[in-house]
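Open your viewer and get ready to select a few pieces one after another. We will go stop by stop, saying what to pick and what is there.

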Amino acid sequence: MKTKTIEYNDRVVRQFLIASVFWGVVAMLVGVLIASQLAFHVLNFNTPWLTFGRLRPLHTNAAIFAFVGNMIFCGIYHSTQRLVRARLASDFLSQLHFWGWQLIIVAAAITLPLGFSRGKEYAELIWPINIAVVFIWVVFAINFFWTLAIRNEKSLYVAIWFYIATIITVAMLYITNHLQIPTSLLHSYPIFGGVQDALVQWWYGHNAVAFFLTTPVLGIMYYYMPKAAERPVYSYRLSVVHFWSLVFIYIWAGPHHLLNTALPEWLQTLGMVFSLMLWAPSWGGMLNGLLTLRGAWNKVRTDPVLKFLAAGVTFYGMSTFEGPLMAIRSVNAVSHYSDWTIGHVHSGTLGWNSFMAAGMFYWLVPRLWNTKLHSTKLADLHFWIGMVGILLYIASMWVSGITQGLMLNAVTPDGALAYPNFLEVVNSTRAMLHTRILGGGLFLTGMILMAYNLFRTIRSGHPAVATIEVQVPDVAPKEGLSLIGGFLNPPVVYSFLLVLFSCGWGFAQGMVSAVSLVLLVETALVAMIHLGLSGKKWNEWYEKLLESWLPFTVLTFVAVVAGGMIQILPTVFIKQTAGTDAPIQKVYTPLELAGRDIYIREGCYNCHSQMIRSLVGDVLRYGKSGRLTESIYDFPFQWGSKRTGPDLERVGGKYPNIWHFQHMMDPRSTSIGSVMPNYPWLYKQVTDIPALTSKIRVLTGYGVPFPPRSPDAILQSCIEQGNVITADLATNGIKISPDKEIIAVIAYLQQLGRYSVPAAQPGAPASAPASPKQASAN
Amino acid sequence: MFYQVEFANWTALVTAIAFAASFCIFATVVIGAIRCSDAKVRQLAKMPLEEEKRS
């Protein structure tokens with residue numbers, strides 16, 4: 001044994017901290033702007049890069065990846081070094097990680113307002129940036145796991161487990177949801193379409209919340225809460241159960257974002273049940289965090305760090321109670337597509353993420369710069385302003401969302417819609433939209449106060465050098481458990497066989513079920529005898545696992561990948577049109593496809609859904625409920641997640657061309673009280689017809705049955721269809737060239753809800769409505 | 001709902017094995033955590049409290 005002094009790499013920790021504060025202010029500034037745009041449409045300024053549809057993805061990406069991303073990297077790098085008693089493995093990789101991540105954020109901040117978008121929520125960034133994200137994430141992973149490999153502390157604290165789960169699961173989710181084929185340097189189509197894309201997207205979207213915004217922050221909670229309270233975590237065993245329960249259950253819950261839609265029933269039920277199961281581990285974790293403050297509650301009155309951490313953990317409990325509640329199908333019928341969801345996510349990001357970030361920053365900055373916090377009173381003021389801001393925000397969104405849900409679903413005793421005009425619902429919630437601006441503005445003010453307070457604190461100190469002395473053995477010890485040993489050991493093998501035979505007994509039929517039952521009983525007996533005879537084995541295996549990061553990582557990966565496979569694989573490998581007499585989506589004409597890409601560029605999916613749910617209110621308002629086969633050629637799917645405006649799945653043919661023409665120029669001219677932005681540039685910009693050749697080639701590769709067309713034929717087709725629309729507009733005195741973008745958008749909107757009847761019904765006319773039998777079957 | 005889609009038989013097998021793998025990991029590690037020795041748990045719980053030197 002020899003004694004060695006370790007100097008921690010806190011430079012990168014300081015860099016990520018400053019970046020997080022900066023981007024946090026930017027993200028929330030954009031948030032307040034887009035909240036204001038929803039209340040006052042003039043704030044869109046008739047400018048493409050300032051419209052809501054383009055800025056909303058900027059806000060969400062900035063809040064998630066820039067603000068929280070930098071915050072978790074800061075916390076992970078700081079706490080990991082202390083927990084494993086080792087300096088980060090590579091200073092170069094640390095710097096590459098930091099600067100690479102900031103470049104990605106800058107690239108996102110430029111491309112999103114310019115309209116370069118993949119059209120998938122929280123996954124809008126274009127493919128070159130996606131590759132950069134994957135590269136930098138790999139850099140982060142190498143740096144992290146390399147540090148674990150050279151650590152001077154055998155045991156792995158539970159916070160490290162949460163970080164491991166974050167790194168591997170985010171990689172899996174991000175790569176799967178960003179599988180795509182480029183059509184140009186700045187554009188691509190995802191390889192999944194329709195229901196497959198919907199499922200993959202919300203498997204990703206939900207678990208981005210779980211594994212980017214929750215598990216790393218829980219790791220941070222398990223490190224900084226004991227640190228700030230100066231006492232160990234309330235129950236370490238509970239923290240372990242918390243970890244494994246979250247990892248096991250969270251990954252299954254994605255389909256709750258698609259309740260009451262055309263998603264297969266079994267997947268909806270799966271998502272709902274696993275969401276409800278999340279109540280237990282989430283509240284177990286919340287209680288574990290709060291009870292860590294036992295005996296230290298008096299400090300919460302005076303210490304802003306504990307104030308923020310305690311409130312952050314409480315908001316974690318609130319939002320993880322609310323989430324499963326909203327995943328119940330009947331509650332979801334009210335909450336989905338409404339402002340309630342917006343309130344829910346902000347109780348998580350503002351209450352949980354931002355407050356935990358503030359607590360961590362107020363604790364870290366004086367230590368990282370070897371000084372005292374500039375002003376405790378200012379930090380207290382930040383806390384109370386932020387708290388009032390959050391409460392105003394989420395309460396207004398609850399009121400607004402529940403109002404929207406109830407009004408849109410309300411039916412009169414004679415079976416008609418109680419509020420047939422969508423704008424009646426929009427205008428009934430205006431006061432709540434104003435309250436949201438106030439709440440968001442207060443929270444932003446608190447963030448600015450924090451930035452100022454931390455800036456003054458940093459100015460008063462200097463970067464600290466943190467060291468620790470460790471005892472290093474002369475010969476490096478081996479890992480406690482080999483990779484194979486992580487799996488091939490009695491507890492894991494017996495458990496696997498027991499669960500497998502249980503599945504065989506429960507789900508198979510006939511002989512397979514009977515044999516499975518016999519094997520189940522026999523395995524249980526053998527396991528009991530084996531583990532009874534060698535009672536210590538189970539504990540030995542587990543305690544070795546706590547010291548072995550590689551098998552631990554693989555076990556975590558297997559747990560999360562299994563949940564994903566069960567949901568994703570069946571829908572990826574189904575033949576969506578086989579054996580069905582349901583109507584099938586019509587293949588887009590080139591002009592309609594161009595219009596669809598403009599629709600995606602402008603972020604229309606942020607406010608308009610294209611999925612009529614199987615609910616009375618939806619069907620009465622928009623028409624027959626949506627079916628899987630009606631969006632199979634949509635790459636990406638456009639089911640949406642919010643209805644600031646009405647659903648558009650069957651809007652084709654509902655209004656004449658002139659209505660769309662005037663509506664897009666000035667929505668108030670056709671819809672009094674609308675909050676939609678004007679789109680004057682669509683009347684000046686020319687549709688990008690040459691790009692359609694490669695776009696159609698890629699989509700044909702995906703199996704979309706486009707008829708073969710040369711580039712000239714594509715151009716000719718666009719001109720012909722454009723001429724039909726412009727000729728119709730001319731009858732209303734409108735003169736416009738057929739190559740303008742508005743014509744492509746009109747062509748796209750007018751075909752929404754048109755479909756073909758499959759060859760199984762040769763007598764049926766094209767574009768015929770579905771039979772009542774088909775409608776009721778859905 | 002299933003009238004719209006055609007599932008391959010192998011997906012049922014994949015589902016069962018994936019669920020078994022996932023659930024068995026969950027069960028074994030939770031049982032392992034519950035049976036973990038008190039001394040080990042105490043040692044782990046105190047890990048964040050170690051102080052460092054700053055200059």
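Start by selecting helix H7 of chain A: 15 of its 15 residues are buried, so the rest of the structure largely encloses this helix. Buried here means that 20 or more other C-beta atoms lie within 10 Å of a residue's own, exposed means 12 or fewer, and partly exposed is in between, with C-beta atoms placed from the backbone. Helices (H or I, at least four residues) and strands (E, at least two) are DSSP runs, numbered from the N terminus.

Before moving on, a word on what you are viewing: this is a predicted model, in which local features need pLDDT of at least 70, side-chain atom pairs count only at pLDDT 80 or more, and totals for chains, interfaces and linings use all residues. Residues are numbered from 1 along each chain as its sequence is written, while chains are lettered from A and ligands numbered from 1 in the order in which they are written.

Stay with H7(A), residues 215–229, and check its end C-alpha atoms: they are 21 Å apart, in agreement with the 21 Å that 15 residues should span at 1.5 Å a residue. The expected span is 1.5 Å times one less than the number of residues.

Next, color chain B. Along the sequence it reads α-α-β, with two helices and one strand. Of its 55 residues, 36% count as buried.

Now select Ala20(B). Which residues does Ala20(B) touch, leaving aside those up to four places away in sequence? They are Phe496(A), Val499(A), Leu500(A) and Cys503(A), where contact means C-beta atoms, placed from the backbone, within 7 Å. Helix H19 of chain A, residues 490–507, counts Phe496(A), Val499(A), Leu500(A) and Cys503(A) among its buried residues.

Zoom out to the largest nonpolar core, of 203 residues; Ala20(B), Leu309(A) and Phe361(A) have the most contacts inside it. Helix H2 of chain A (residues 52–84) gives the most to this core, 17 residues. Such a core is a set of buried Ala, Val, Leu, Ile, Met, Phe, Trp, Tyr and Cys residues joined through C-beta atoms within 7 Å.

Finish at the open sheet of three strands, ordered E1(A)-E4(A)-E1(B) with antiparallel pairing. Strands pair if DSSP finds at least two bridges between them. Two bridges join E4(A), residues 466–472, to E1(B); select Thr467(A) and you will find Lys53(B) opposite.

Notes
Two residues are in contact if their C-beta atoms, placed from the backbone, lie within 7 Å.
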